[in-house]
Amino acid sequence: MANNDKIVNLAVVGGRRGSSFNKALTALADRVALKAVCELRQDMLDKWQEQFPDIRTYTDYSKLLEDPEVDAVLLATPLAMHAKQAAAALRAGKHVLSEVIAAHTLEDAWELVEAVEQTGLTYMMAENYCFMRPNMMIQNMAHQGVFGDITFVEGAYLHDCRTLTHTPDGELAWRGELQRGFNGMNYPTHSLGPLAKWIGINDTDEFDFMSTVTSRNGSMPKYFAEHFGESHPGAQSDYWRQGDSAVTTIRTKRGVVISLRLDWVSGRPHNMTHYGLQGTKGAYLAARHDREDPLVWIEGRSPGASYGAKGQDMAQWEPLWTHREEFEHPLWRQWLSEAEKSGHGGGDFFVIDEFIGAIREKRRPAIDVYDAVLWSSVFPLSVESAASQGKPMRFPDFAKNARRNG
Amino acid sequence: MATSNGSKGPVRLAVVGGRRGAAFHKSFAPLAGRITLAAICDRNEQVLQAWRETDAEVKRYADFAQVLNDPDIDAVFLATPQTEHARQAIAALQAGKHVMSEVPAALTLDECWELVETAERTGNVYMLAENYCFMRENMLVGNLARQGLFGEITFAEGGYIHDTRNLTHDASGGLTWRGQLRHSFNGMHYPTHMLGPIAQWLGINREGGDAFDYMTTFVSKEAAAHVYFREKFGERHEGADRAFWSQGDSAITLIRTKNGALIQLRLDTKSPRPHNMTDYGLQGTRGAFVSARHKEEQSLIWLDRHSPGSTLHESKQAAKWEPLLAYADRYEHELWRRWDSEAGKLGHGGSDFFILEEFSSAILDRRMPLIDVIDAVTWSCVAPLSAASVASGGQPMAFPDFRKTNRANR
């Protein structure tokens with residue numbers, strides 16, 4: 001409790017994505033202060049300094065970690081750097097809030113767990129999709145048993161990010177390198193994080209095994225040919241390992257099936273929340289676009305009956321918001337106006353709020369290192385599964401030490 | 001008798017399984033002169049009696065073997081429990097009858113092979129009555145796909161999510177065939193409603209088209225059936241015990257094709273949820289399709305260079321879905337253009353009419369039907385392959401190549 005009134009001094013690492021947390025940091029100024037920014041590009045650092053004249057700027061991450069006035073780092077860097085940077089920060093005595101995904105190899109995942117266990121510092125993964133309003137409301141309903149015994153959940157990340165895979169002159173950015181270097185479920189946590197929370201993974205249930213099958217690629221070579229000409233190596237299909245669509249199926253130890261789909265290269269209107277749930281008492285279905293409502297049907301509450309008994313009306317979906325009064329998540333009741341002003345459907349606000357709260361109250365954050373590496377491990381496991389025609393892969397038991405120590 | 005009907009017509013059809021068969025009744029009128037309802041076969045005397053009252057001139061049989069012995073029957077429509085389809089189809093083909101079978105065609109790989117071999121040896125017409133292939137939107141999407149508007153198709157999905165727990169038992173709690181199947185089988189036991197339309201969009205088994213390569217299946221635990229039986233028939237009913245049911249609530253099958261398309265199927269026939277008959281999606285390199293979530297909604301489509309906006313970040317206008325039916329004027333399937341006024345009035349979104357029309361045309365024109373025996377077993381074999389995959393913890397299973405003329409070459 002000693003730290004409860006101390007303002008946490010935060011450094012943002014990775015100036016581009018980091019800047020979208022600005023509104024959230026402003027809203028939480030009574031508990032967190034931006035102390036430093038670390039970024040390789042000087043022009044981006046200059047912009048930060050214009051907006052925040054008092055901050056320190058670093059181009060060298062190891063120098064940042066030596067700064068005694070920095071309590072915590074927010075890693076908004078390319079995906080493949082997260083785990084190593086997080087472990088280094090923990091070893092330097094800093095709390096870590098890491099962008100997704102936490103680790104892209106199993107070795108990195110274990111190293112990260114070890115660093116957290118040995119330092120005792122706060123590590124949280126910034127999986128902002130867990131905090132989106134409909135996702136938290138569904139979590140609240142699921143935990144109260146409204147859907148009965150849950151048997152199936154699904155999530156998808158379908159977002160055409162091809163323009164982010166390269167620089168203006170056709171060099172590959174980290175997303176491009178990812179498409180080139182791997183074939184699997186290479187961005188699993190936006191879809192998986194909320195689902196794992198709904199069904200109590202690392203609490204009342206565990207992942208057991210999973211399988212991944214991917215399609216061939218088509219959209220990336222087509223795009224590179226159209227934008228950079230046939231002579232760009234990216235215009236060739238075999239330049240890219242990643243298929244356009246990847247689907248991962250997970251089975252939990254309690255017998256829930258989880259379906260994840262990823263496609264971030266195909267042309268399609270973007271829809272940020274794409275989820276579904278089925279239990280023995282009801283179902284949930286996200287909207288297809290932002291002018292539709294998410295839908296819910298709950299036996300006994302929603303109109304109609306599911307199977308066709310004579311004289312009964314057929315079951316009919318209701319907007320999820322019909323049940324808002326009763327099931328809005330407490331965090332959204334408390335912070336609605338602040339959250340709606342910040343990025344990613346409020347997710348960015350709650351991520352910072354939760355991270356700072358966990359540090360100050362010396363408690364485990366809502367998305368701790370065991371959640372982070374477990375969800376992220378779908379990436380390396382999927383690459384191996386997809387390479388062997390969808391062979392099922394077992395999940396490592398990352399939390400074994402935590403359980404042993406009670 | 002086998003092919004003696006030739007082009008003389010009309011095809012004299014016996015409907016086997018009078019209950020489901022009744023749904024087809026209206027579809028015969030617009031096809032007068034091409035196909036007629038000549039006989040009904042059902043073990044249940046009450047079902048036969050109902051036909052006696054409405055169609056006095058139709059012959060009535062309680063025994064399937066007698067239908068096969070009747071020389072005045074050219075063809076049979078098997079609307080029987082799915083566990084009987086393959087044996088009955090093989091017997092009918094051997095007796096010289098053309099066969100239209102309800103879905104799926106077979107439940108074991110041996111039955112699949114025997115069906116292919118029997119159809120090829122006898123030369124009689126075999127068609128799978130996969131009516132979802134003929135639904136208006138599915139045919140429209142198929143037309144768009146064939147004309148390349150989606151570009152190369154990389155992903156397609158279909159779900160059959162329909163709470164049919166009330167059909168798994170009779171009034172006193174005895175299990176029907178649906179109940180028996182869920183008691184003994186665990187997998188993707190009802191794959192063709194989703195897979196049939198998707199296979200046609202991708203040109204599976206077609207010249208210059210694609211072929212299924214391998215698949216995996218995961219199934220959730222059972223949760224909804226035993227709760228239902230307990231509530232309906234009490235703790236002492238055998239179905240009130242979770243362990244009585246092999247089939248889990250939700251099944252997911254992933255199929256990869258030889259050309260690298262990915263297909264996802266979902267099946268849930270017992271969880272409570274509003275029913276939606278068409279639950280499909282498609283993604284290609286030039287566009288995407290997603291079906292309506294319920295009857296009051298429209299199916300949506302986005303096509304690069306046709307639909308508004310762009311999906312690329314530098315674009316000023318974000319891509320926006322359009323109603324699928326905005327493309328009906330230009331891309332409606334010719335069958336729906338020709339028959340819309342008839343089909344729209346009839347069962348299962350018009351598709352019951354089309355399967356009867358297609359089956360009779362294939363017999364009269366002496367050609368392969370749109371859904372032939374190879375399609376039928378290729379789609380249906382997902383059930384036995386899924387059971388093997390589930391039993392081995394989700395191992396991938398290779399598809400047999402039923403186009404090879406015998407099993408040894410597969």
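Predicted model: local features only at pLDDT ≥ 70, side-chain atom pairs only at ≥ 80, totals over all residues.
Visitor: What makes helix α6 of chain B roughly parallel to helix α8 of chain B?

Guide: Helix α6(B), residues 136-146, and helix α8(B), residues 192-202, pack at an angle of about 20°, with their axes 8 Å apart. Angles under 35 degrees count as roughly parallel, and therefore α6(B) is described as roughly parallel to α8(B). The crossing of these two helices is right-handed.

Visitor: Which residues make the contact between α6(B) and α8(B)?

Guide: From α6(B) come B:Asn138, B:Val141, B:Gly142, B:Ala145 and B:Arg146, and from α8(B) come B:Pro197, B:Gln200 and B:Trp201. By class, the contact of α6(B) with α8(B) has four nonpolar, three polar and one charged residues. Gly is counted as polar in this classification.

Visitor: What is the order of the six strands in the open sheet of chain A, and is their pairing parallel or antiparallel?

Guide: The order is β3-β2-β1-β4-β5-β6 in chain A, and the pairing is parallel. The twist averages 25° from one strand to the next.

Visitor: Why are β3 and β6 of chain A called edge strands?

Guide: Strands β3 (56-58) and β6 (123-125) of chain A each pair on one side only. Within the sheet, β1 (residues 8-13) of chain A is joined to β4 (residues 72-75) of chain A by four bridges, and the two run parallel. Two strands pair if there are at least two bridges between them, so the four bridges of β1(A) and β4(A) meet that requirement. One bridge partner in β4(A) is A:Leu74, which is the partner of A:Val12.

Visitor: What is the pairing in the sheet of nine strands in chain A?

Guide: The pairing is mixed in this open sheet, whose order is β14-β13-β12-β11-β7-β10-β9-β8-β15 in chain A. Strands β14 (318-319) and β15 (393-394) of chain A stand at the edges with a single partner strand each, so one side of each has no neighbour in the sheet.

Visitor: How do you know that β8 and β15 of chain A pair?

Guide: Strand β8 (residues 207-214) of chain A and β15(A) share two bridges in the antiparallel sense. A:Phe209 stands opposite A:Arg394 in β15(A). Helix α15 (residues 378-387) of chain A lies across β8, β9 (246-252) and β15 of chain A, and runs at about 55° to β8(A).

Visitor: How many residues does the contact take from chain A and from chain B?

Guide: The contact takes 71 residues from chain A and 65 residues from chain B. The area buried between the chains is about 5500 Å², of which carbon and sulfur atoms give 56%. A:Arg216, A:Arg288 and A:Tyr307 supply 15% of the area that chain A buries against chain B, more than any other three residues.

Visitor: Where is the residue A:Lys362, and what is its phi?

Guide: A:Lys362 lies in the loop between α13 (347-360) and α14 (369-376) of chain A. Its phi is near 50°, a positive value in a residue other than glycine. Most residues other than glycine have a negative phi, and most peptide bonds are trans.

Methods: Residues numbered from 1 in each chain as written. Chains lettered and ligands numbered in written order. Heavy atoms only, no water. Axes fitted to C-alpha atoms, helices over the stretch in contact; angles between N-to-C directions. Parallel < 35°, antiparallel > 145°, perpendicular 65-115°, else oblique. Left-handed = near helix turned anticlockwise from the far one by under 90°. Contact = heavy atoms within 4.5 Å. Buried area = accessible area lost by both parts, 1.4 Å probe.
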